[in-house]
Structure formats: C-alpha cells, structure tokens
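The following exercises concern a predicted model. Each one sets a task and then works through the solution step by step.

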Amino acid sequence: MKKPIHPDGPELSTLSAGMWRLHEWDLSTDDLIRFIEECVEAGVTTFDHADIYGNYGNEALFGNALRERPDLRDKIEIVTKCGICLPVPGKPEYAIQHYNTGEEHIRMSVENSLRNLNTERIDLLLIHRPDPLMDASEVANTFLKLINEQKVRYVGVSNFTPSQFNLLQSAMDECLVTNQVECSVLHTIALFDGTFDQAQRYNASPMIWSPFAGGRLFTGSGDAPHRVRQVLFKLSEKYSASIDQLALAWLMALPCSPFPVLGTGKIERIRSAADALSLNMEKQDWFRILEASRGHPVA
Amino acid sequence: MKKPIHPDGPELSTLSAGMWRLHEWDLSTDDLIRFIEECVEAGVTTFDHADIYGNYGNEALFGNALRERPDLRDKIEIVTKCGICLPVPGKPEYAIQHYNTGEEHIRMSVENSLRNLNTERIDLLLIHRPDPLMDASEVANTFLKLINEQKVRYVGVSNFTPSQFNLLQSAMDECLVTNQVECSVLHTIALFDGTFDQAQRYNASPMIWSPFAGGRLFTGSGDAPHRVRQVLFKLSEKYSASIDQLALAWLMALPCSPFPVLGTGKIERIRSAADALSLNMEKQDWFRILEASRGHPVA
Amino acid sequence: MKKPIHPDGPELSTLSAGMWRLHEWDLSTDDLIRFIEECVEAGVTTFDHADIYGNYGNEALFGNALRERPDLRDKIEIVTKCGICLPVPGKPEYAIQHYNTGEEHIRMSVENSLRNLNTERIDLLLIHRPDPLMDASEVANTFLKLINEQKVRYVGVSNFTPSQFNLLQSAMDECLVTNQVECSVLHTIALFDGTFDQAQRYNASPMIWSPFAGGRLFTGSGDAPHRVRQVLFKLSEKYSASIDQLALAWLMALPCSPFPVLGTGKIERIRSAADALSLNMEKQDWFRILEASRGHPVA
C-alpha cells in the first residue's frame, strides 16, 4: 500500500493516520502502541503530525510510544509540520495566533519535534500554512540545511495556493513533494482552483485533510450534506460499501493521486478506510456525487 | 479570410459556422449543401461541431451533405469536440450528464465523429469541457496516437481555465492550438481572468462561442444588455453597421486574435458577420462598449 | 536609502514622493524646489509621476522646478506612467476615460513627459493600468526602442495581475522591474492573490501606492479602520512611533521588499516616513495588525 508521493519523494502509505486529535483519544502509551501496530498491519504506516497538535503535546505522546518500542520506528513514516505559533498556556511568548517561517523558528520547531517524537529524522516536513511574511530563499535554505543534517528527509507545504507553491519551489533545487490541502465530497475547491492541476503537473500528490469534511459528511445539516448523503446511501448498496468508504473512493478517483489523512483513533475505521482503497468507483457515480455536492450537474 | 489559429496550427476561417443548432434549422440535405456552399463563398470555411450537438445527431446531418457532395470536404475545415456524455434517449448507458476524457471514450467519440461526418480526418479536435478526472498524460497520449493515425490533424480544448490549459499542455509536445471559450460584449470574463493573456502569450487564438451572448445582445432584459444596446445603436450610424456587426468588431479588436463561432443557419447573417471583419472600431468606442457592459468606466 | 528595485533595475530610494496631488499643494516653483531639496536631504530621491496627474499638469509643474535648478536632476530619479487617456478640458479628443498602450500613444506620452519634466530621460516608465487591448509584442518593442533611444532607462507596470505581468514579461528580454500596486494595512489583497508571490519570485520589488489607504487609515469609518487604528494606537507607545510610521513599518516587513509611494506635500510627513524605515516590527505585532484589518486571526 506504500507508494511514492512524488517521483523524487518518500514512499508513504496511501492513507495516513492523523494525530490531530490524539490527545482526545485518552490512550495509554500501551494503547497507542497497539494502535500504531494495528495501523501498520492495516497498511497505514504513515503518521501525520504537527508541532501544534494537542496544544504542542501530541508529538510527545507519540514519542512515548516510540521510546517504549523503538522497533516501530522503521516500520512507519513520520510527517510533521511547523510554522504556526499557537497561544496556549505553555507558550506565554505567543500572545496571538501567528505564523513564523524564519530559519530560527523552523529549526527550533524541528528540534522540538525530533525530541518529542523521540526520533532522529522526520520523513516529511511541511510548512503548515502559507505565511505572508515567508522569505522563500530563507525557507529554501533552511530546508536544504535540515536535509543535509539528515534531520529531515523530504519537504513540502500545506494549504498553499498554486502561486505560493510556485514561489517556494522556484527558490529550491529539491522538490516540494506534496501540498497537504483540504478536500472531500463536501469541499471540492482544490479540484477547480488550480491546486490539483498543479499537483498533477508536478507529480506532487496532495495529502488530503478532512476527507470526510470533519464529520459534516455524516451529520452536517444544510442542503449539500443532505444531498450527498442521499446519493452515497443509494450507492452503498451497489458497492457494498459504507458512505465513508465511498467518500474515500471518490477522492481516490482523482487523477492527482491523493494521499488522504484519516483523523480517527478507532482501528476499525482505519481498516474500513484501507478496504476502500480497492474500491473502483464508476465515472458516472463520481459525477453523481459531485452534482449532489454542488447542487447542479456539470455544464 | 483564412489564417493560422496558432503558428503550428491549422488555417481556419476567422469566422466559423457553428453546427450547435443545425437540427433546429429544418434543412433538407440539399438545403444544407447549399448553406455550406454559401458559407464557403462568404469565406466561412470552418464548421464547428461537437459529438453531442443535436443530441448526438448533427454530425450525421452534416455528414449526409458531405456524402452527397464529397468535393466540399477539401474546401472546408471541420472542428469537433468530445468529452461530454449526455443522457439522451439514444444513450441509455448515460444516466447523468458527466465527462469522460479517458482514452477509450475519446477514441470512440472520434471514430463516431469520423463515421457520422463521413470524413477521414478531423481538422481540429477539442476537449469540450475541463474534466476534474482528466489524466493529462492519458489525454496527451491519446491525442498523439490520433494525430499519428491521421484521424485528427490538430488538437485543442474548450472552456479550460489557464491552469487546466497549462496542465494539459505540459504533458504534450504538440501544441494545443486553441481554447474555445465564451466571450461577447456581455460576457467579458475571459479578458480579465487570464484566459486571453494566456491565449496571447502562446499565440493560441481563442475560438469564441456565443459572440452575441446567445441572443441576449438583441433581446436580453437587465441593465447591461440595455446599456450595451443603447451604445451600439448610437454607433451603428457612425460605422454604418448593425449591432451584431459592431459586437463582432468589438471582439475582433482583441489582441489575442479571436476566431468567433456563429450560431446561425441564415446565410444573410453569416454574410453580414463576414462583412464586419473589415470594420475597424476606434479605441474609444471599444471602451465605450466595455463601460456599458460593466456599468462603470475603466479605472 | 537607495537600493535596486530589481537586480537589473535602477537604484531608487525606498520611499518615493508621489506627485499625484502636486497641483493641490499650491506651491510656487521656489516652494517646490525647496520641497525637492528637502526630500533629497531626507533620503527620498525618487519622484513618482504620471502623464495624467493634475489633469496632465503636474509633470510640467515639476519640470519648472528642474528648469530653474537643473543641478537637481542628477540627484533624483523620475518615475512616470502612461496608458490612461483622461477626458479633461485640455483633451477634447478624449470623450471617455480609456486606455491606450499602442506604440504611437506610448511614444507621444513619453515625449510629452520628457518635455514637461524638462529632462532628457525617464528613469522608470510604467504602464499605468492593464489594458485589455494591450498587444504585448507592441508594448515590448516600444519599450525596447525607447530604451535604445535613451529616453527611458527602465520599464515596469502598475496595477497588473500576475497573469498580465507574465504576458508582457514573456514578450520582452528586458525585465519589468516593478509592478506598482495598491497595498496598506487596510488593503491587503496583493499579499494573497499572487501579486507579491510574483514580486518576490522575480525580485521585482513592488512600488506601493496608497500606503495609508488614501487617508482611510486616519479617518476612515467602518469596522476595519476602527480596529486597525486601535491596534496601531496601542503599538505606538511600544515603538515610540506614530500610526503612519507603524503602517509603513508593517509594509516594510513584507518579504517582497516594497517601495512605498508617499502622497504628501508636507516635508515633516516625508521625514517622519523616512524615520519609519529603521523601525523593525515584531512578527506578532505584524499579525496583530493583519488580524485587525481582516477581522479574524490567521487560520
């Protein structure tokens, strides 16, 4: 289930386990070790972190598991992010939510991530949000140094517009291997604003956050969630698949070859998602879902 | 009146006769032959088709004329399109309007077009609409094979954004010779969203559909049509031209060198349009019309 | 305080003195000479003109000063613009506000500017507004001729989208050294629409007009001006700076290295602005101002 996210990038599992809500799952270190092992067994070997997840706490929770079980490290890939500064009790120096993509901050964040995760390398480091103060040369140089120091293997971005991606890429020799963006049957902007055109053009497969629209797919009110659920329910019989499996299959049909990030701590939902990868959705059903999402047929 | 639509593209007549509504014109094959001959005499030698026009019927109506009069084929250029799947009685396999830009579909569509049009080559084949499921390499390879098989001479797209155009072009050695888009005095988006910047930059002259805003120019209600008609009526005396001639001259003033597609089956309107090509509109009058269309002067 | 606006461009002072409202300042030629001298002493050596400023009159007012004091010419840099045609009493041939970027018009405008400014060369010539009728090759050729004739040293544009900039640049060997655009704490579009990404990528520092939002910063009603003023007032103590100095320092923090154009005729405000250039704003304060301007924190 692993494949390169970019011709010059790392092999990642098609699905990643997102650690965004790890702190809410109330797992002991043993529980987390079991979860990681079960993910790996299900073919989900990539774990998606950010320095700020769990108010800067989730990397350390994960690192505790790796400390107990260092053998797990080589079975998994670790993605993490930096660049957002979050005002939380442990960070009195941050008075306001802001970005920092300066060398000093990136380097500090990477060192923290390595220490917290209890690892010697980050497989993929992403700039978390486009920073209007980003100096592309500075970020590029910082990336290069971190790669040369073998602290980071590959680099990418998240939530960048095509123009922001091009700016940073133009300052680098290494390739940005992904732009992790939001996409789902209920959030289709990246299909039409050039983001996925760019991903396809540069063979930089996008990692996808909120592939189920943050739960709106299942429980959201409003016309679009209602319409989409109706179509998915109808198709669930045809494909013998749950609506979340269909929502994933819909994403996987995209020609930019997406890598969805799951947000769940429930292994059965991870397994269910992994099963969905073998599901081939017919083109007409794909467009039926798009039509339900947008409220009108294609032109 | 013929000129290359792209430095590496075919010579087309500046105006094309659009076959979108051919089935509504109620022409016998002899009538159609006469219409084609009269178009050619008027310098309108390019005929704009799509597989789906007339619910997949109009190419065959045109092909009937070419069967009767094979000598006409070398006097004209045939543009056709593929990629839209229309749910009509004759296509029970299509349950919903959708796109298909896979190799199998494009090839099938081209074979149908060749058979229906009763010709051995399509002069210019366009992807009709941007397909979010388009695999650029697959389309590029399919285009190349069709060109090598001499079934299609040149290729292009229609209704693509600049980003979508760039994606497909980046996968090809051959040039996309046009992006056929909507534009008129009442629909000026392509002037400002990068579409015509790209056309000018790549010397890929755009074919223009709905150059009279689908009739809104003549009968549309609303402020913009009203204002534009007022200005055009005032100018009609100055230029000794009808308002449709002025609307065409307005388009022809664009530096991307547009190739408008007419939608009429009335030869006198074709002739009137052809006469408009020699009309040079003064810059100030051009901006007067733009101002009427947008409701405000330029900044 | 001078620095190159582009690696292959002219050295300009970071701040320019904008001559937009020169005609409203009611200065005698001697007054203006004194103003120019005082600007130069304050390090503001670049003067930003346009053919149309003061209803085509301000270049001549400035030129009167240079006629009296030809020694000043080599101490300053002159930027001017062309391409807008303004219907004013002295231009009966212009019935409507419109653009003209044809060779004849640009050349005529440059000759007028040289004569009015009483100078032999324009240091930087800008196309004032993107013209939907711009023929990029024609503008490029005209620019090249004017450079070869030593009437113009460098060229650029103003108010162009990234796509329009790319189009014109693609037709030229010389570099467009700047895109002069609007930006301020109350007008942040250029930070997010690709304009400043492009500026940073091509090292073409943007000149910035309305750096104080045309006065809205000081007196504007509405939520955003109110919120921004509140934040700036709070910060004014911390930085021992006025709110206009802080607004400038906010701009100067941008990584595209902006060159703001001041609009004032008051030398004390010029000096105050020049002093602001040494002010380094902390990242968090920068984001505090952005948040106040947009009404929401960054994501």
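**Exercise 1. Symmetry of the copies**

Chain C is superposed on chain A by a rotation of 120 degrees with 0.0 Å of shift along its axis, at an RMSD of 0.0 Å. State how the two copies are related, and identify the C-alpha of chain C nearest the axis.

*Solution.* 
Step 1. The two copies are thus related as by a three-fold rotation axis.
Step 2. In chain C, Ser163(C) has the C-alpha nearest that axis, at 6.4 Å.

**Exercise 2. The interface of chain C with chain B**

Describe the contact between chain C and chain B by its residues, its buried area and its polar contacts.

*Solution.* 
Step 1. Chain C contributes 22 residues to the contact and chain B contributes 18 residues.
Step 2. About 1,800 Å² is buried between the two chains, and carbon and sulfur atoms give 60% of this area.
Step 3. Of the area that chain C buries against chain B, 35% is supplied by Ile96(C), Pro132(C) and Leu133(C), more than by any other three residues.
Step 4. Two elements of chain C, strand S7 (98-99) and helix H6 (162-170), each supply at least two residues to the side that touches chain B. The largest share of that side, five residues, comes from H6(C).
Step 5. By residue class, the side of chain C that touches chain B has 10 nonpolar, eight polar and four charged residues.

**Exercise 3. The interface of chain C with chain A**

Which elements of chain C give two or more residues to the side that touches chain A, and which gives the most?

*Solution.* 
Step 1. Begin with the extent of the contact: 18 residues of chain C meet 22 residues of chain A. The area buried between chain C and chain A is about 1,800 Å², with 60% given by carbon and sulfur atoms.
Step 2. Between these chains there are zero salt bridges, and eight residue pairs are in polar contact, both at pLDDT 80 or more.
Step 3. The elements of chain C that give two or more residues to this side are helix H7 (189-192), helix H8 (195-201) and helix H13 (283-294).
Step 4. H13(C) gives the most, with seven residues.
Step 5. The side of chain C that touches chain A divides into 10 nonpolar, three polar and five charged residues.

**Exercise 4. The setting of Arg73(C)**

Is Arg73(C) buried or exposed? Specify also the atoms that its side chain reaches in polar contact.

*Solution.* 
Step 1. Arg73(C) belongs to the loop between helix H3 (58-68) and strand S5 (77-82) of chain C.
Step 2. The relative accessible area of Arg73(C) is 8%. The cut-off for a buried residue is under 20%, so Arg73(C) is buried.
Step 3. The side chains of Arg73(C) and Thr119(C) are joined by a polar contact of 2.5 Å. The side chain of Arg73(C) also reaches the backbone oxygen of Arg121(C), at 2.8 Å.
Step 4. Apart from neighbours within four places in sequence, the residues in contact with Arg73(C) are Leu66(C), Ile78(C), Thr119(C), Arg121(C) and Asp123(C).

Definitions and conventions:
Residues are numbered from 1 along each chain as its sequence is written. Chains are lettered from A and ligands numbered from 1 in the order in which they are written. This is a predicted model: local features need pLDDT of at least 70, side-chain atom pairs count only at pLDDT 80 or more; totals for chains, interfaces and linings use all residues. Side-chain values use heavy atoms; hydrogens and water are left out. Contact means heavy atoms within 4.5 Å. Buried area is the accessible area (1.4 Å probe) that two parts lose on being put together, summed over both. A polar contact is a pair of N or O atoms within 3.5 Å; within protein, one must be able to donate a hydrogen and the other to accept it, and residues adjacent in sequence count only if both atoms are side-chain atoms. Helices (H or I, at least four residues) and strands (E, at least two) are DSSP runs, numbered from the N terminus. Ala, Val, Leu, Ile, Met, Phe, Trp, Tyr, Cys and Pro count as nonpolar, Asp, Glu, Lys and Arg as charged, and the others, Gly among them, as polar. Copies are superposed by least squares on the C-alpha atoms of residues with pLDDT of at least 70 in both. Buried means under 20% relative accessible area, exposed over 50%, partly exposed in between (1.4 Å probe, protein chains only). A salt bridge is a side-chain nitrogen of Lys or Arg within 4 Å of a carboxyl oxygen of Asp or Glu.
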